[in-house]
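Colleague: I'm new to this one, so could you walk me through it, starting with the aromatic rings?
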Amino acid sequence: MGRYDFRPLRVHRTASQLLAAERIKHVPPWHEVIGTVPPAQTLVRSQPLQHQEKPRRPKIKKPSKLFQPQRIVYEEDTLRKEFFADHPWELARPRVVLENDGRDAERKDWSLVSQPDRPVDGESVIQRQMFLLHGNPEAGHMPDPDMTHAKAYDQARKEFYEVRLQQDVERRVAKEEALATGAYFGKTTQQIGMELEDNIFEEWKAWAANEIIQQDQRRAAMYTGVDSEPLTEPEPDEAAEESEAVIPEQG
């Protein structure tokens with residue numbers, strides 16, 4: 001039979017021969033269809049569209065990225081990378097993944113960064129920036145021709161900072177009202193962290209003092225019995241004074 005099996009391509013001819021020899025009484029329903037539209041004769045798979053790569057030296061080895069699909073990149077990905085690089089702590093805020101299905105731009109009016117049915121986060125800044133760049137022609141909002149990427153980013157960040165500042169003021173006022181009515185909140189996370197840091201510092205101070213004492217003891221034991229100061233000859237004036245003090249005056 002060889003390397004390739006050509007029997008599927010000969011189904012129509014085999015069926016015609018069997019009908020001519022009257023070995024098949026009824027004509028199969030697919031007989032006329034295959035005779036009109038025969039199957040393809042090409043057994044080699046067509047090469048897919050190649051991704052663009054830098055020209056490199058020809059190699060005997062078959063390239064490993066021959067059938068690698070092209071990379072899919074969206075404009076929002078670049079905006080997210082820029083925003084979260086400037087605001088990494090926004091990724092630490094808890095969020096519900098189910099609240100965003102990727103079609104918020106179609107259902108919400110991003111002429112404002114804050115929406116009534118979702119919290120303001122980094123994705124709100126991204127959608128607001130996309131609105132400033134491209135607008136929403138379906139809703140009658142046309143983009144500003146003078147709007148640039150930097151201007152849209154600055155305006156979206158400014159509105160985002162104003163919302164965050166308003167939220168901080170509301171939380172501070174709510175805490176002061178609760179404290180005025182007798183509420184007790186305990187230590188904050190910052191106070192707990194500072195106490196832990198102080199405890200570690202005090203432990204390090206005790207360890208460092210102990211290490212200094214041990215080094216001094218080892219240094220003293222190493223040079224025990226040896227005068228650390230070298231012997232020097234007395235100067236002439238000092239020698240004369242010492243001799244006059246030792247020898248009495250002769251009358």
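Colleague: How many aromatic pairs turn up in the whole structure?
Modeller: Bearing in mind that this is a predicted model, a search of the whole structure gives four aromatic pairs.
Colleague: Where do Phe83 and Phe160 sit in the chain?
Modeller: Phe83 belongs to helix H3, residues 75-86, and Phe160 to helix H6, residues 149-180, so the pair links distant parts of the chain, 77 residues apart.
Colleague: And why does Phe160 count as buried?
Modeller: Because its relative accessible area is 1%, and the cut-off for buried is under 20%. Phe160 is also in one aromatic cluster with Phe83, Phe84 and Tyr161.
Colleague: Switching to H6, how many residues does it have, and what span does it reach?
Modeller: H6 has 32 residues and reaches 47 Å from its first C-alpha to its last, which is close to the expected 46 Å.
Colleague: What covers its buried residues?
Modeller: The buried residues of H6 include Tyr153, Glu159, Phe160 and Arg164, and what covers the buried residues of this helix includes H3 and helix H5, residues 122-134.
Colleague: What follows H6?
Modeller: H6 is followed by Gly182, which has a positive phi, near 100°.
Colleague: Last one, which residue lies over the face of Phe185?
Modeller: That is Lys175, at 5.9 Å from the ring centre of Phe185.

Key:
Residues numbered from 1 in each chain as written. Predicted model: local features only at pLDDT ≥ 70, side-chain atom pairs only at ≥ 80, totals over all residues. Heavy atoms only, no water. Phe/Tyr/Trp six-rings, centres within 6.5 Å; stacked < 30°, edge-to-face > 60°. Helix = DSSP H or I, 4+ residues; strand = E, 2+ residues; numbered from the N terminus. Buried < 20%, exposed > 50% of the residue type's maximum accessible area, 1.4 Å probe, protein only. Lys NZ or Arg CZ within 6 Å of the ring centre and 35° of its normal. Expected span 1.5 Å × (residues − 1). Contact = heavy atoms within 4.5 Å.
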